[in-house]
Amino acid sequence: MFATFTDWEFPSIDAMQETGTAMWPKVQAAGAISFKATVTGENTGRTMIVWPDAATAHAAIDNLRALAMEMIDTKVLATTSGEVMLDFS
């Protein structure tokens with residue numbers, strides 16, 4: 001498994017939640033296994049998407065981030081990704 005992380009700035013946390021909810025079907029259709037978001041500040045959050053492999057993630061993630069930015073006034077603050085080493089869920 002492979003995970004991508006994106007730090008976002010939104011107009012509000014409510015807007016982040018609404019955008020994430022609207023994005024999940026698109027993320028899932030692109031091959032994602034799971035999608036999680038955490039609040040990291042007053043109007044910032046981090047998303048984590050787990051993919052079956054790096055190839056699937058790399059084929060989809062840039063387009064998905066761009067789609068989210070088209071949906072609402074948001075910006076990407078940072079990104080990172082890597083192989084999932086441990087998963088105790």
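The following exercises, with worked solutions, concern a predicted model.

**Exercise 1. Helix α2**

Determine how the span of helix α2 relates to its expected value, where the helix bends, and which elements its buried residues pack against.

*Solution.* 

Step 1. Helix α2 covers residues 54-71, which amounts to 18 residues. The span from its first C-alpha to its last is 25 Å, close to the 26 Å expected at 1.5 Å a residue.

Step 2. A bend of about 35° is located in α2 at Ala60.

Step 3. The buried residues of α2 are Ala57, Ala60, Ile61, Leu64, Arg65 and Ala68.

**Exercise 2. Salt bridges**

State how many salt bridges a search of the whole structure finds, and describe the elements that each pair links.

*Solution.* 

Step 1. The search of the whole structure returns two salt bridges. Side chains of opposite charge can pair when their charged atoms come close.

Step 2. Assign the accessibility class of each partner. Arg46 has 39% relative accessibility and therefore counts as partly exposed. Asp7, at 17%, falls under the 20% limit and so counts as buried.

Step 3. Glu9 and Lys75 form a salt bridge through their side chains, at 3.8 Å from N to O. This pair links distant parts of the chain, with Glu9 in strand β1 and Lys75 in strand β4, 66 residues apart.

Step 4. Glu9 counts as partly exposed because its relative accessibility is 29%. Lys75 is also partly exposed, its relative accessible area being 44%.

**Exercise 3. A nonpolar surface patch**

Identify the residues that make the nonpolar surface patch, and decide whether Leu86 is buried or exposed.

*Solution.* 

Step 1. Met85, Leu86 and Phe88 make a nonpolar surface patch of about 460 Å².

Step 2. Locate Leu86 in the chain: this residue is found in the segment after β4 (75-83).

Step 3. Compare its accessibility with the limit for exposure, which is over 50% relative accessible area. Leu86 has 58% relative accessibility and therefore counts as exposed.

Technical notes:
Residues numbered from 1 in each chain as written. Predicted model: local features only at pLDDT ≥ 70, side-chain atom pairs only at ≥ 80, totals over all residues. Heavy atoms only, no water. Patch = residues over 30% accessible without salt bridge, like charges linked within 9 Å, V, L, I, M, F, W, Y side chains within 5 Å. Areas by Shrake-Rupley, 256 points an atom, 1.4 Å probe, with all protein chains shown as cover. Salt bridge = Lys/Arg side-chain N within 4 Å of Asp/Glu carboxyl O. Helix = DSSP H or I, 4+ residues; strand = E, 2+ residues; numbered from the N terminus. Buried < 20%, exposed > 50% of the residue type's maximum accessible area, 1.4 Å probe, protein only. Expected span 1.5 Å × (residues − 1). Bend = angle between axes of the 7 residues up to and from the residue. Contact = heavy atoms within 4.5 Å.
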